[in-house]
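Thanks for coming. I will take you through one structure this morning, starting inside and working through the spaces and the contact between chains.

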Amino acid sequence: MPAPKRAKTSTWATKSGLAQMLKGGVIMDVVNPAEAKIAEEAGAVAVMALERVPSDIRRDGGVARMSDPDMIKGIQAAVSIPVMAKARIGHESEARILEALDVDYIDESEVLTPADDRYHLNKHDFKVPFVCGCKDLGEALRRINEGAAMMRTKGEAGTGNIVEAVRHIRTVSEEIAALKGQSEKRLRAAAKEMRVPYELVKLTVKAGRLPVVNFVAGGIATPADAALSMWLGADGVFVGSGIFKAKKPAKTAAAIVQATTHWKNAAILAEVSAGLGEAMKGIEMRTIPEGERLSKRGW
Amino acid sequence: MNVSPSAAGNTVAKRHIAPIIGVLAVQGDFAEHIRMLESLGVEGREVRLPADLDGVSGLVLPGGESTAMRKLLHRWDLVKPIKALAKRGAPILGTCAGAILLATKIADGDEPVLSLLDVEVRRNAFGRQLESFETSLVMEGLGNEGRSRTIQAVFIRAPEIVKVGPSARAVATLEDGRIVAARQGRILGIAFHPEITGETGVHRWLVAEATAALG
C-alpha cells in the first residue's frame, strides 16, 4: 500500500535520506537477476542494474546507453534491496524512463556515453533521487546544486585500479580543508570559480564535508581497496567490475562487505582478504589515453 | 588529598547516572544516532563486535538495509549478546531496519533476527523509494510525563507493523491507522527516522530508560 494521502513524497529529506541509510555499505553493479541475488546474499545495500559492467563497456567500445527496462524490472523482482540504474549525462528522456520504472536512485553517469556535452540534468525536477560522480569539489557542488542527493567520487571505472579513486576523494577533502577558516571574500571567490552559490560553499566548509552522502567508486577490486576508501573518508563504496570479474564473485562480494564495515580492524581485513583467488586483472592508468578516460566526462 | 566527601560522592554518582549507549555500526545511519545522543550529552559508542557491548546500558539499532545488517549480525555473533543485553533490562531502540531486526515475525518469509519485540513487520510496506514520505504523527510517551506528542516523521522505504502481539503495544499510527511504532517494556521499534529530522524525544526516552535501568 502506498504512502498515506496527506503525506509529502519526494522531499529533500526522503531523497537524501535513502543515501544516509546506505552508508557503511556496498553498492554492487549487476547485469542480471542471478547476479543481483548473489549481491544481496553477500550483504550489498543496493544494486546498480546495468547491461555491461564498466570493464566490458571499456573493452567493447561503442555508445553505452541506459539498460533495457525488462532487465531492470527483472532485477527489481529478484531482490528486496534498492535498485539503482544509470542514465546518460544530460539525457532527460532516459532519466524519465527510469523514474517511470520506479527505480530507487538514478545514477547520471559518466560510465555511459554522455548525451549532452554542456548540461547535466536539472535533478530538482525529478521525483526520484539522483547520484552523480565528481572528481573535485567544484564538480561535486555543481551536481548538488543541480539537485543530486548523493555523490560518488568517480575514480576510473572498469580499471580495477584504485589510484584515481584515491586521487578524487582526497582532492575533495583537501579542497574543503583549504577553505576552512577563510574569509567570506575568499569563499565568494571560490564559489564563483566553482560556478556554485556562495551559500552552498559556506555550508560545505562549515560541515567540513560534502553536504550529501559521498561514496567512493571506480577501481575498487579488493576488500583492502574498500577499506582504504573508508579510511579516506568515504561514506560507503560502489563496486563495479571488481566483483563479477573476480575469480570467486560471491566470496569477493561478501569479503568487500565485511571490509567496508570493519575498515579499521586490520585483523578482520586480513581474515576476509584470504583465499579469494585472483581479483580482476586491472589496467595501469598510463596505458589509457586521456581521451578514453571516463572520469573526464562531466562538466 | 583534600577532597571533600560530598565532592567525591558526586563523582561516583555522576559516573553512575551517565549511561553509555551503544549504536550498532555494522551498516546504516549510525553516525546520525551518535550525533543525537551527543547532543543530549550522552556518549554513543559504535558497536561492530560483541566486545563493543561491554559497559553499554542501552542500544540503538539504526536505519539501514536490514538484509545487510542481518548478515553482519550473524557473521560476527552479535545476536546472542544483544539478546542478553535486553534480558538484563537495557533499553533498545530500533529505527526502520532496526525495528525489523527487533520483530518476532517478518512477513513474507524472512527469519526473525533478534525476536525481542512481539510484532509482525512487513519490509518495504509502502513501496519503493518514490513512496518514501514525510508526515506528522502522534506518538505516545514522548511528551511531559509520558504524554502523547505530535512529531514530524520521515519514512524511507519503510516497514509497517502489520500485527502487534499481546506482549507489545502500538504507540504511533498513521492517519490511515497503519501502525508505525510499538513498544514492549524497554524495547521500542519505530518505522521512521527521528535521527534525521532532529526529533530528540525518542532518544531522550532511550537515555531515561537506560539511566533507570542502571539504578
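**A walk through the model**

Let me start with one residue, Ile82(B). Leaving out neighbours within four places in sequence, Ile82(B) is in contact with Leu53(B), Leu59(B), Leu73(B), Ile92(B), Leu114(B) and Leu116(B). Please keep in mind that this is a predicted model.

Ile82(B) belongs to the largest nonpolar core, which has 89 residues. The members that touch the most other members are Met28(A), Leu98(A), Leu24(B), Leu78(B), Ile82(B), Ile92(B) and Leu114(B). Which element gives the largest share of this core? That is helix 12 of chain A, residues 249-261, with 5 residues. Another core lies apart from it and has 35 residues, including Ile21(B), Leu142(B), Ala158(B) and Trp205(B). As general background, nonpolar side chains in soluble globular proteins tend to be buried together.

Next, the contact between the chains. On the chain B side 42 residues are in contact, and on the chain A side 49. Together the two chains bury about 3,600 Å², with 53% of that area coming from carbon and sulfur atoms. Which residues of chain B lose the most area to chain A? They are Arg128(B), Gln129(B) and Leu130(B), which together make up 20% of what that side buries.

Now the open space. The largest pocket has a volume of about 670 Å³. It is lined by 28 residues, and Lys23(A), Arg209(A), Asp235(A), Ala31(B) and Arg35(B) are the closest to its centre. Two or more lining residues come from each of helix 1 (12-21) and helix 12 of chain A, and helix 2 (30-39) of chain B. Helix 2 of chain B gives the most, with 4 residues. By class, the pocket lining has 13 nonpolar, 7 polar and 8 charged residues.

Helix 1 of chain A deserves a separate word. Is this helix largely enclosed or exposed? Of its 10 residues, 8 are buried, so the helix is largely enclosed by the rest of the structure. The buried ones are Thr14(A), Lys15(A), Ser16(A), Gly17(A), Leu18(A), Ala19(A), Gln20(A) and Met21(A).

How many cavities of 30 Å³ or more does the structure hold? There are 3. The largest cavity has a volume of about 200 Å³. Its lining has 24 residues, and the closest to the centre are Asp29(A), Pro54(A), Ala157(A), Gly218(A) and Gly240(A). At least two lining residues come from each of strand 5 (105-109), strand 9 (237-239) and helix 11 (241-244) of chain A. The classes are 9 nonpolar, 9 polar and 6 charged.

The second largest cavity holds about 110 Å³ of space. Among its 13 lining residues, Gly64(B), Glu65(B), Cys96(B), Asn124(B) and Arg157(B) lie nearest the centre. Helix 1 of chain A returns here, as this helix and helix 5 (97-102) of chain B each give two or more residues to the lining. That lining divides into 7 nonpolar, 3 polar and 3 charged residues.

I will finish with Ala49(A), in strand 3 of chain A, residues 46-49. Why does Ala49(A) count as buried? Its relative accessibility is 1%, and buried means under 20%. Beyond four places in sequence, Ala49(A) touches Val30(A), Ser67(A), Met71(A), Ile72(A), Ile75(A), Val83(A), Met84(A), Ala85(A) and Lys86(A).

Notes: Residues are numbered from 1 along each chain as its sequence is written. Chains are lettered from A and ligands numbered from 1 in the order in which they are written. This is a predicted model: local features need pLDDT of at least 70, side-chain atom pairs count only at pLDDT 80 or more; totals for chains, interfaces and linings use all residues. Side-chain values use heavy atoms; hydrogens and water are left out. A nonpolar core is a set of buried Ala, Val, Leu, Ile, Met, Phe, Trp, Tyr and Cys residues joined through side-chain atoms within 4.5 Å. Buried means under 20% relative accessible area, exposed over 50%, partly exposed in between (1.4 Å probe, protein chains only). Contact means heavy atoms within 4.5 Å. On a 1 Å grid over the protein atoms alone, a cavity is a set of points where a 1.4 Å probe fits but cannot get out, and a pocket is an open set with protein on both sides within 12 Å along at least five of seven lines; lining residues have an atom within 4 Å of a point. Grid points are joined across faces, edges and corners, and a volume is the space filled by probe spheres set on the points. Ala, Val, Leu, Ile, Met, Phe, Trp, Tyr, Cys and Pro count as nonpolar, Asp, Glu, Lys and Arg as charged, and the others, Gly among them, as polar. Buried area is the accessible area (1.4 Å probe) that two parts lose on being put together, summed over both.
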